[in-house]
Amino acid sequence: MGCSHMRSLVGVVVTMLLLLACCEASSSQQLQQRQHHPRKMLDVGGAPSPSDIVIVHGCSDPEELMHLSQSRAGSTGGGMPEYTVEITNTCLDCNVCNVHLSCGDFASTELVDPATFRRLAVNDCLVNNGGPIGPGELITFHYANSFIYDMKVKSASCKCA
């Protein structure tokens, strides 16, 4: 084999390796794009703070799909402070179910519909009877107590029947 023939052969091999590497990178990128489907998120109002911005691929972190807010709603006839709780599924194309909140030793002087919200144990409250909360759906309830309870989403699931 001559020197020029060897150079041509080396050139062909290098070109083939470059083409192979390029094709693998392209198919890997296409596979990643197919595996991650960004969810459309509902804007719950106001300018988002960096901690409010959530990028969710699929439903790998359903707890992040739920937005919980509480506000003072006035007082009962007896003067007890009343609070409104709003729990929103911010995903616009997925259901979330089995939503549990950390809720301390929750109690209310006014009846809260147990199908909407109920305490199962200390620091474990169930929302919507564990049933699905639809895309953009809002669950609201009121409670009355001398202080506001610190509530946070503890767990949730996107595997709803």
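Tutor: We'll take the disulfides, then the strands around them. Keep in mind that this is a predicted model.

Student: How many disulfides does the structure hold?
Tutor: There are 3.

Student: Okay, Cys-91. Which residue is in a disulfide with Cys-91?
Tutor: Cys-94. Their sulfur atoms sit 2.1 Å apart.

Student: Is Cys-94 buried or exposed?
Tutor: Buried, because its relative accessibility is 8% and the cut-off for buried is under 20%. Cys-91 is buried as well, at 0%.

Student: Next one. What does Cys-97 join to?
Tutor: Cys-160, with an S to S distance of 2.3 Å. The link of Cys-97 and Cys-160 is left-handed, at -110° about the S-S bond.

Student: Where do Cys-97 and Cys-160 lie?
Tutor: Cys-97 lies in strand β3, and Cys-160 is in the segment after β7. The pair therefore ties together parts that are 63 residues apart in sequence.

Student: And how accessible are Cys-97 and Cys-160?
Tutor: Cys-97 has a relative accessible area of 4%, so it is buried. Cys-160 is partly exposed, at 25%.

Student: That leaves Cys-103. Which cysteine is its partner?
Tutor: Cys-125, with the sulfur atoms 2.0 Å apart. The pair links distant parts of the chain, 22 residues apart. Cys-103 is in the loop between β3 and β4, while Cys-125 is in strand β5.

Student: Why is the disulfide of Cys-103 and Cys-125 right-handed?
Tutor: Because the torsion about its S-S bond is about 85°. Both Cys-103 and Cys-125 are buried.

Student: Switching to β5, then. Which way do its side chains point?
Tutor: Strand β5 covers residues 124–127. Asp-124 and Leu-126 point one way, and Cys-125 and Val-127 the other way. All of these are buried.

Student: Which strands pair with β5?
Tutor: Strand β3, residues 97–102, pairs with β5 in the antiparallel sense over 2 bridges. Strand β4, residues 117–121, is also antiparallel to β5, over 4 bridges.

Student: How many residues are between β4 and β5 in the hairpin?
Tutor: There are 2. Asn-123 in that turn has a positive phi of about 65°.

Technical notes: Residues are numbered from 1 along each chain as its sequence is written. This is a predicted model: local features need pLDDT of at least 70, side-chain atom pairs count only at pLDDT 80 or more; totals for chains, interfaces and linings use all residues. Side-chain values use heavy atoms; hydrogens and water are left out. Buried means under 20% relative accessible area, exposed over 50%, partly exposed in between (1.4 Å probe, protein chains only). Two strands pair if DSSP finds at least two bridges between them. A disulfide is a pair of cysteine sulfur atoms within 2.5 Å.
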